[in-house]
Structure formats: structure tokens, C-alpha cells
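Keep the structure open as you read.

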Amino acid sequence: MTARVRAIETILTAKGLIDPAAVDAIVDTYEHKVGPRNGAQVVARAWTDPAFAARLAEDATSAIAEMGFGGRQGEHMVAIFNTPDLHNLVVCTLCSCYPWPVLGLPPAWYKAPAYRARAVREPRAVLAEFGVTLPPDTGIRVWDSTAEVRYLVVPMRPDGSEGLCEAELADLVTRDSMIGCGVARVPA
Amino acid sequence: MNGPQDVGGRAGFGPVAPERDEPLFHAEWERRALGITLCCGVLGHWNIDSSRHARESLPPAVYYGSTYYEIWIRALEALLRDAGELSYEELSSGQSLAPGKAATRCLKPDRVAAVLSAGSPVDRPASAPARFSPGDRVRTRNHQPLGHTRLPAYARQKTGVVEAIRGHHIYADAHAHGAGEAPEWLYTVRFDAGELYGEGADPTLSISIDAWEPYLDPA
């Protein structure tokens with residue numbers, strides 16, 4: 001694949017169809033600028049600011065834009081809030097739809113058939129593979145991203161996080177917890 | 001299409017394999033594959049739906065035998081060939097043999113941030129009200145076109161409840177095939193696992209899809 005992709009880049013550059021510096025800029029954006037720390041800031045604010053949480057529930061795209069995040073693969077955002085009774089999990093069974101502006105590029109497992117196939121069929125078993133065991137009576141809701149709506153899970157605020165500031169809270173919010181494959185970290 | 005991409009609910013793919021401290025890219029060529037694909041998307045020869053269709057149109061053995069960015073590259077080659085921008089001769093020789101047709105639309109680095117932050121919203125004005133309301137019971141149609149669709153097989157001919165109206169969005173089934181944007185109302189429809197999978201399904205589990213109006217009948 002190395003040679004194949006290099007050939008494509010060389011040919012398309014010679015044709016004037018792509019600019020390698022633009023390729024660099026795209027890669028740099030998702031490698032260094034846009035990633036799950038964005039989403040963690042959104043979640044931390046939702047935990048600390050009830051008015052923001054209400055706006056996030058009402059119109060997630062706008063609420064997330066207040067924090068400066070938006071754009072490609074986040075044009076139509078919906079935030080889903082975990083509760084003690086209901087755990088949410090996000091998947092795209094048909095491809096790899098994922099909310100890039102708040103979570104960055106999806107991890108390899110999210111895009112692979114095993115997760116896509118099983119998340120909608122046996123999510124408890126999938127969660128166990130991530131080390132997450134839910135109480136047996138906790139409901140599970142799986143959101144299959146089959147259109148252009150992108151889902152962000154707002155995990156429950158962990159016990160013991162009272163008194164932490166927004167930045168400290170954001171450090172507890174893992175990428176996986178915002179997909180629903182994890183829960184927020186308990187403060188040390 | 002009943003293609004290799006439609007894996008929801010199917011068995012045999014093994015365990016999920018989360019990686020500890022996983023890298024964003026697993027090889028340098030994956031970085032280039034991402035960037036090249038996004039740059040080529042700006043050329044205007046195809047849209048997100050037709051690019052998804054190119055990926056799902058790979059032969060199943062190729063699709064399942066390829067990593068994610070390999071799927072992207074194989075589909076990109078097909079899209080560029082169909083657009084007349086990349087020939088087999090060029091790929092085998094590694095040389096450009098003709099100027100690019102859409103070179104005037106080449107994405108320049110100073111526009112990358114603006115293009116990524118603008119995104120491509122797909123909501124469009126509606127000329128008719130939504131047929132369904134939250135709470136309505138609906139049944140998905142036996143909708144299995146030979147072309148692109150976003151109704152997964154596991155949710156075909158199933159009865160669920162409309163949970164939300166998401167807007168009036170470009171209809172992927174049409175948009176993937178040069179039929180324009182043809183926007184339709186989009187709904188989140190929730191199903192109980194028992195409806196989807198029958199006896200023995202997890203009674204605590206429900207699953208939703210986002211479904212355009214043409215996928216749905218009243219139940």
C-alpha cells in the first residue's frame with residue numbers, strides 16, 4: 001500500500017488535482033488539533049453548567065459550536081445522556097460515521113466489522129471486551145448512525161468528582177466514554 | 001445494496017480488538033490516504049453518498065480482506081477512474097498521462113481549515129410536512145435496492161417507534177446515484193431487540209436507526 005498510495009499522490013499532484021501541502025494540513029488537523037479532548041470539554045461543561053447541558057440536549061450542534069467545535073462530520077450533532085437506568089452506545093453498522101469535530105478520527109476497532117456487527121446485537125458482550133460491566137437491569141440503547149446525524153454520548157459524572165473544576169473534569173472523560181464503550185474515570 | 005458493508009447483527013467477525021494507546025494511523029501511507037481522499041472529495045466529481053457506494057461496491061472478499069484505509073484507497077481509485085481522472089495506464093506506470101480535468105478545484109492548503117470547519121450540512125428546506133410524528137409506530141419497508149441505501153438489513157420490515165424528527169435531509173439513496181439531493185424527512189426510529197432478533201434477545205436492549213421517510217410505512 002505504501003507504493004500504491006505514493007503513486008496515486010504523485011500522479012494526482014502532477015495532474016494538479018491535489019496539493020501535497022493540503023494533504024499535510026488535513027493530516028495535521030486530525031493528528032494534532034481535532035480530537036476527543038474537544039468532546040471532553042463539551043461533556044465537562046455539560047456536567048458543570050445546567051443551562052449548557054439543556055442547550056446541548058436541545059440543539060447539540062449549536063451548543064457545541066459555542067465552544068468553537070464544528071464542521072466536517074459534525075454538521076448535525078445530537079447529544080445523548082447516560083442515566084443510571086440507561087446506557088447509550090454509538091455505532092455505524094454500514095460504514096464508520098463518527099463525530100469528527102468532537103472525537104477526531106475514529107479508532108480502527110470502531111471501523112472494523114467486529115464492532116459494527118456486534119454492537120447492535122450483543123452490546124453487553126462488546127462492553128465486557130472494553131472492561132465495562134453494567135448492572136443487568138440497566139437498559140442499553142444502541143444508536144446506529146445510518147444517516148448524517150452524529151451522536152455524542154454524555155457519560156454520567158463519576159462519584160467523587162464534586163468540587164473539581166471544568167478542566168479537571170474533562171480529564172476524566174475518555175474517548176470511549178463518549179462512544180459509550182466506556183465510562184468516565186473516577187478521580188484518583 | 002446487500003453488500004459487504006451491511007454487517008449489523010451478523011456473526012463470525014470475532015472479538016472487538018481495542019488497542020491500548022492506539023495510534024491514530026498505523027502507517028505513514030494511512031495519513032496520506034486520509035488526506036488524499038479528502039482532497040479529492042473537493043474536486044466535485046462525487047459526493048459522500050457516492051463515495052460510500054464505491055466502498056461498499058468492492059467485492060466482498062476484497063472488502064473483508066482490506067483494512068479501513070485500504071478500502072478507502074481502492075474505492076478512491078474506482079471513483080477517480082469513473083471521473084476520468086486516473087487511468088489504469090497511469091496507475092501501472094506511476095506517471096500522469098493527462099492533465100486533471102478538475103484541476104481548477106484543487107484544494108490549496110490555505111483553504112483546508114475553512115473547508116473542514118464548514119463541513120457539508122445536508123438539511124434542506126421542506127415543501128411538505130413530515131408524515132410521521134414522535135411516538136408514531138412505523139414499519140420499515142422491504143427496501144433492498146440494488147444500489148446504495150442506508151437502511152440496514154437487520155432493520156428491514158421491522159416495527160418501531162419514531163423517536164425524533166431529525167430534519168429534512170439529502171436522501172442518500174438518490175444522491176449516491178446522480179439523482180440530485182432529493183431531500184426527505186429523516187427520523188430516528190427505535191426498535192426493541194426482540195423485534196429485530198426474536199426470541200432470546202436481550203429484553204433490556206433497544207436499537208435505533210436514522211431512517212428517511214421512504215423507508216417507512218405507518219404501522
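Start at Gln73(A), which sits in the loop between helix H5 (60-66) and strand S1 (77-81) of chain A. Helices and strands here are DSSP runs, numbered from the N terminus: helices are H or I with at least four residues, strands E with at least two. A quick note on the ground rules: this is a predicted model, where local features need pLDDT of at least 70, side-chain atom pairs count only at pLDDT 80 or more, and totals for chains, interfaces and linings use all residues. Residues are numbered from 1 along each chain as its sequence is written, while chains are lettered from A and ligands numbered from 1 in the order in which they are written.

Gln73(A) isn't a glycine, yet its phi is positive, about 65°. Gln73(A) counts as buried because it has 24 C-beta neighbours inside 10 Å (buried means 20 or more other C-beta atoms within 10 Å of its own, exposed 12 or fewer, partly exposed in between, with C-beta atoms placed from the backbone).

Chain B has a glutamine to set beside it. Gln157(B) lies in the loop between strand S1 (137-140) and strand S2 (159-169) of chain B, and its phi is also positive, near 55°. Gln157(B), though, is exposed, with 12 other C-beta atoms within 10 Å.

Now for the interface. The contact takes 66 residues from chain A and 74 residues from chain B, two residues being in contact if their C-beta atoms, placed from the backbone, lie within 7 Å. On the chain A side, H1(A) gives the most, with ten residues. That side divides into 34 nonpolar, 14 polar and 18 charged residues; Ala, Val, Leu, Ile, Met, Phe, Trp, Tyr, Cys and Pro count as nonpolar, Asp, Glu, Lys and Arg as charged, and the others, Gly among them, as polar.

So what does H1(A) pack against? It meets helix H1 (residues 28-41) of chain B at an angle of about 35°, with the axes 9 Å apart; axes are lines fitted to C-alpha atoms over the stretch in contact, and angles run from 0 to 180 degrees between N-to-C directions. Among the residues that meet are Val5(A) and Ile8(A) from H1(A), and Trp29(B) and Ile36(B) from H1(B).

Asp144(A) has Ile209(B) as its bridge partner in S4(B).

Note on methods
Two strands pair if DSSP finds at least two bridges between them.
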